[in-house]
Amino acid sequence: MDRDKIAAKFYTDDHALLFALIARATLMAVGESGMKAIESGVKMYGWERGLRYAMRCLKNGDDLSVANYMAYSELLDVKGWNRSVNVSLTPFYHFDTVACGWCDTWKKYNIQEYGKLYCNWIDVSLVHGFNPDIILELDPIMSHGSETCSFKWKNFAFKDEAEAAKVAEKRKQLLPGVGKDFLYHCGHLLAAMRRGIHYGLGAVAGDKILALAMSEYAAEFGQDKLDAIVQEANQDFLVI
């Protein structure tokens with residue numbers, strides 16, 4: 001398989017649908033008792049992603065500040081599906097996400113009920129994995145019915161627009177080296193959710209849940225893309 005060729009076919013919708021199908025299959029199989037397994041998988045995925053940010057940051061001699069959390073973000077949104085606007089720089093930094101590719105995908109497939117479970121834990125887990133001392137308040141949340149996601153960084157502020165612009169420029173410079181495509185993120189998501197579901201529900205139930213979710217993903221996006229995710233999932237996601 002030519003990884004680069006197939007990776008170019010992946011985007012936010014693959015990632016969003018893969019999660020929601022796994023969450024739906026879990027709840028259909030075991031009901032509300034599967035919620036802890038879903039939570040565990042999302043948290044592991046977030047913690048590990050955040051830890052990668054932190055390891056790259058420290059390797060470069062940078063501190064684990066909110067500014068560097070943003071600068072070292074791995075997500076590549078070359079299609080511009082996601083958009084945020086600053087609300088305030090001080091006394092704490094606050095921005096709102098006003099367009100979200102994940103929410104748009106869940107609405108398209110009418111699976112917001114399952115997709116919103118990702119939003120319950122992902123951002124706070126990312127931040128915790130990067131630096132547990134950072135305080136993020138996230139409320140309201142778009143996938144729960146709000147028009148925006150509101151991110152409030154309670155122990156961080158920018159002095160002015162110029163300081164905020166420096167962080168955006170630093171991210172632009174870092175992105176070619178730290179950015180990860182959505183095949184990578186889908187592989188990591190599958191690996192983390194697989195662990196969470198197996199740890200919480202056991203190998204037999206977990207295998208059935210994942211088989212159903214992955215067959216549904218393949219029905220929508222094709223077997224070649226599913227095979228690529230499964231192969232991508234078999235790596236150490238804490239290697240930077």
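This is a predicted model: local features need pLDDT of at least 70, side-chain atom pairs count only at pLDDT 80 or more; totals for chains, interfaces and linings use all residues.

Me: In what order do the four strands of the open sheet run?
Reply: The order is β1-β2-β4-β3, with antiparallel pairing.

Me: And which strands stand at the edges?
Reply: Those are β1 (83-88) and β3 (136-138). Each has a single partner strand, so one side of each has no neighbour in the sheet. From one strand to the next, the twist averages 20 degrees.

Me: Over how many bridges do β2 and β4 pair?
Reply: Five, in the antiparallel sense, between residues 93-99 of β2 and 149-153 of β4. Tyr93, for instance, has Trp153 in β4 as its bridge partner.

Me: OK, switching to helices. How do the axes of α2 and α3 cross?
Reply: They cross at roughly 155 degrees and come within 9 Å. Since the cut-off for roughly antiparallel is over 145, that is what α2 is relative to α3.

Me: Which residues meet there?
Reply: From α2 you have His15, Phe19, Ala23, Thr26 and Leu27, and they meet Met35, Ile38, Val42 and Tyr45 of α3. By type, the contact has seven nonpolar residues, two polar and no charged.

Me: Is Thr26 buried or exposed?
Reply: Buried, because its relative accessibility is 0% and the cut-off is under 20%.

Me: What does the polar side-chain atom of Thr26 lie 2.7 Å from?
Reply: The backbone oxygen of Ile22. Beyond four places in sequence, Thr26 also contacts several residues, among them Gly31, Ile197 and Leu201.

Notes. Residues are numbered from 1 along each chain as its sequence is written. Side-chain values use heavy atoms; hydrogens and water are left out. Two strands pair if DSSP finds at least two bridges between them. Helices (H or I, at least four residues) and strands (E, at least two) are DSSP runs, numbered from the N terminus. Axes are lines fitted to C-alpha atoms, for helices over the stretch in contact, and angles run from 0 to 180 degrees between N-to-C directions. Buried means under 20% relative accessible area, exposed over 50%, partly exposed in between (1.4 Å probe, protein chains only). A polar contact is a pair of N or O atoms within 3.5 Å; within protein, one must be able to donate a hydrogen and the other to accept it, and residues adjacent in sequence count only if both atoms are side-chain atoms. Contact means heavy atoms within 4.5 Å. Angles under 35 degrees count as roughly parallel, over 145 as roughly antiparallel, 65 to 115 as roughly perpendicular and the rest as oblique. Ala, Val, Leu, Ile, Met, Phe, Trp, Tyr, Cys and Pro count as nonpolar, Asp, Glu, Lys and Arg as charged, and the others, Gly among them, as polar.
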